[in-house]
Amino acid sequence: MIQMMCLGAKMSSPSITPASTTPPPARTIPGSYGMPLIGPLSDRLDFFWFQGPETFLRKRMEKYKSTVFRTNIPPSSPFLGKVNPEMIAVLDCKSFSNLFDMELVEKKNVLIGDFMPSISYTGNMRVGVYLDTTEPQHSQVKNFSTDILKRSASIWVSEFLSNIDIMWGKIEKDLSASGSASIFLPLQTSLFRFLTKSLIGADPANSSDIGDNGYIMLDKWLALQILPTQKIGILQPLEEIFLHSFAYPFALVSGDYKKLYEFVKKDGNEVVQRGISEFGLTQDEAIHNLLFILGFNAFGGFSVFLPSLISTLGSDTTGLQAKLREEVKQKGGDTLSFASVKEMELVNSFVYETLRFNPPVPNQFARARKDFVMSSHDSSYQIRRGELLYGYQLLAMRDPKVFDNPETFIPDRFTGEKGKELLNYLFWSNGPQTGTPGPANKQCAAKDYVVLTACLFVADIFRRYNSFTATSGSITTVEKAK
Ligand code: HEM
C-alpha cells in the first residue's frame, strides 16, 4: 500500500506528493460552525465532555465522509477574550503534511490554537515556539536551542542514565513497601535534574528550594497555561466551569517563576552568556527561552512520552519484552550510548510505533499564509488566507492509506526497508521523522535526541530487569536481570 503512495514522494520532503500530478477532484470543505455562540458551545461540550476529542473528530469524519472538514475546536468562552474556535480539521497524512509547509502556512502564536496563554508566563515576550519562521528572532532562538543540545551531548547520556537509575531505585523501594509504585514523581524528579544539568548547565542541587521543588514549580507553570485547552477528565460540569472557561492568571505562579529565573540566571550563566554572545539574544530573551525549552518542550514532552513507553511495555502480553531484552543483550555492549542504541532496530521501531500510536503532543495548528489548494488523498479543497488548520496527530497517524492495520500496535512496524519508508509519515515532532529541524521550519529541535533518549530508556530497562509489569502509571512487579 505504502509503495503505491510513495512512488512520487521525496524521501525527505515534508509533503506527500501523489504518484500522479493531477490533483484529486475539487470538493467544498464539508462541515459548519453552527449558530453563533450555540455552535461553539455545543461543539465544546461534545469535545471535552460528551464525546472526547477522538470520538468528536471520528464522528464528524464519518458524517462528512471526509478527513478534511470545518468544525469548532475549543476552547471558546466569552471570558477567554477573542478566541476564534473556527478551524479546518486535517486528519489524514496528506492533508496534515500541509502544516509543515512554511510557504503555505504560518505558525505565529498558534502553538495551542487561536488561544494563546498570556505572555506574562514567559517574561512578557513571545518565546521561540510562538514565532513564525519569517520572524528573524525565530532563527536566533532555534539556532540557540540546537546549540544547547549539541553542547549537552557530552553529558546527556550519562546524566540521563544516572538520574534514571535514581528513579528505579525509588520505584523498587516503593514497590517492596507497598506492592505497587507510581512512576510519575520519581520520573519527574529525575527528568528535572537531568534536563536542567544537560540543557542549562546548572545543577538543581545547588539550591535546596529548586532541587526539592523545581519540578513542581514547572508543573504548575505549565498546567496553568494550557488548562483551557486540555480534557482532564474530572467531574463535569466542574471541568467546563472551572478549567475551560477562563485563563488562569500568571500571578498564581509568579513567585515560583521568579525563583526559576534567578536560578537560570546565576547557575546557568555560561549558557545564558552563549545565547547573548553567539545568538544575539538579550539576557532576558535567553533566560525566558531557556525556561520555556526546559519546562514546556523538554520536561513537558518527556513527562508525557516516557510513561507512555512504560505503560505500553508493562501491559504487553505478546512476548515483546523478551524480544527487546534479547536485542539489548546482543547490541548493548559494555555501556549504553546513542551509538549502541542506534543499532537496536526493534527498540527503535518500538519507540517509533509508540510515537505513532500515542503521539505525546496530539494537536498541531497552522494558519494559511495565502489562498491555496490543499489535497487530501481523495479530494482538493480551497483554503483561504488566514484560516486556521487543525491537525490531530492521533488520527493522522492512523491513516489507513499509509499504515497497514493502523488501529493495531505493531512493535516491528518500522523495521526493514518498508519500515524506513514509513518514517516519512511519522509526524510526532511537527514534521516527518526523515526531516531536519532548522530555522526555516517549526520541527522539534530535539527530534533525534527524543527518539534516542527513549531508546536508551527502553534498553536500560532490559539491562536492569528480565521483565516488569505496569498498569496506568504504576509499576506492579519487576524481575531483576540475573
Ligand atoms: C518527548 C519530548 C518532546 C516532544 C514530544 C516534543 C514535541 C515537539 C513538538 C510537537 C513541537 C512543535 C510544536 C508546534 O509548533 O506545533 C516541538 C517544538 C520544539 N521543541 Fe520539542 N519535543 C520534545 C522534547 C524537546 C526537547 C528535549 C527540546 C530541547 C531542546 C525541544 C525543543 C523544541 C523547540 C525549541 C521547539 C520549537 C521549534 C521551533 O519553534 O521551530 N523539544 N517539540
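**Close-ups of a predicted model**

View 1. Phe468 stands opposite Val478 in β10. The two strands here are β9 and β10 (residues 474–480), which run antiparallel and are joined by six bridges. Strands pair, by the rule used here, if DSSP finds at least two bridges between them. They belong to an open sheet of three strands in the order β4-β10-β9, with antiparallel pairing. Its edge strands are β4 (181–182) and β9 (465–471), and each pairs on one side only. Helices (H or I, at least four residues) and strands (E, at least two) are DSSP runs, numbered from the N terminus.

A word on the model: it is predicted, so local features need pLDDT of at least 70 and side-chain atom pairs count only at pLDDT 80 or more, while totals for chains, interfaces and linings use all residues. Residues are numbered from 1 along each chain as its sequence is written.

**View 2. The shell around the ligand.** Of the 24 residues around the ligand, Ala298, Gly301, Asn430, Cys444 and Ala446 come nearest. A residue is near a molecule if its C-beta atom, placed from the backbone, lies within 6 Å of it. The elements giving two or more residues to this shell are α5 (136–178), α11 (283–314) and α17 (447–464). α11 gives the most, with six residues. By type, the shell residues divide into 14 nonpolar, seven polar and three charged. Here Ala, Val, Leu, Ile, Met, Phe, Trp, Tyr, Cys and Pro count as nonpolar, Asp, Glu, Lys and Arg as charged, and the others, Gly among them, as polar.

**View 3. The bend in α5.** α5 bends by about 65 degrees at Ala153 (the angle between axes fitted to the seven residues ending there and the seven starting there). The helix has 43 residues, yet its end C-alpha atoms are only 54 Å apart, short of the 63 Å that a straight helix would reach. That expected span is 1.5 Å times one less than the number of residues. Just after α5, Gly179 takes a positive phi of about 80 degrees.

**View 4. Two cis peptide bonds.** Pro74 and Pro75 are joined by a cis peptide bond, with omega about 10 degrees. Pro75 is found in the loop between β1 (68–72) and β2 (86–90). Another cis bond joins Gln236 and Pro237, with omega about 5 degrees. Look for Pro237 in the loop between α7 (208–226) and α8 (238–243).
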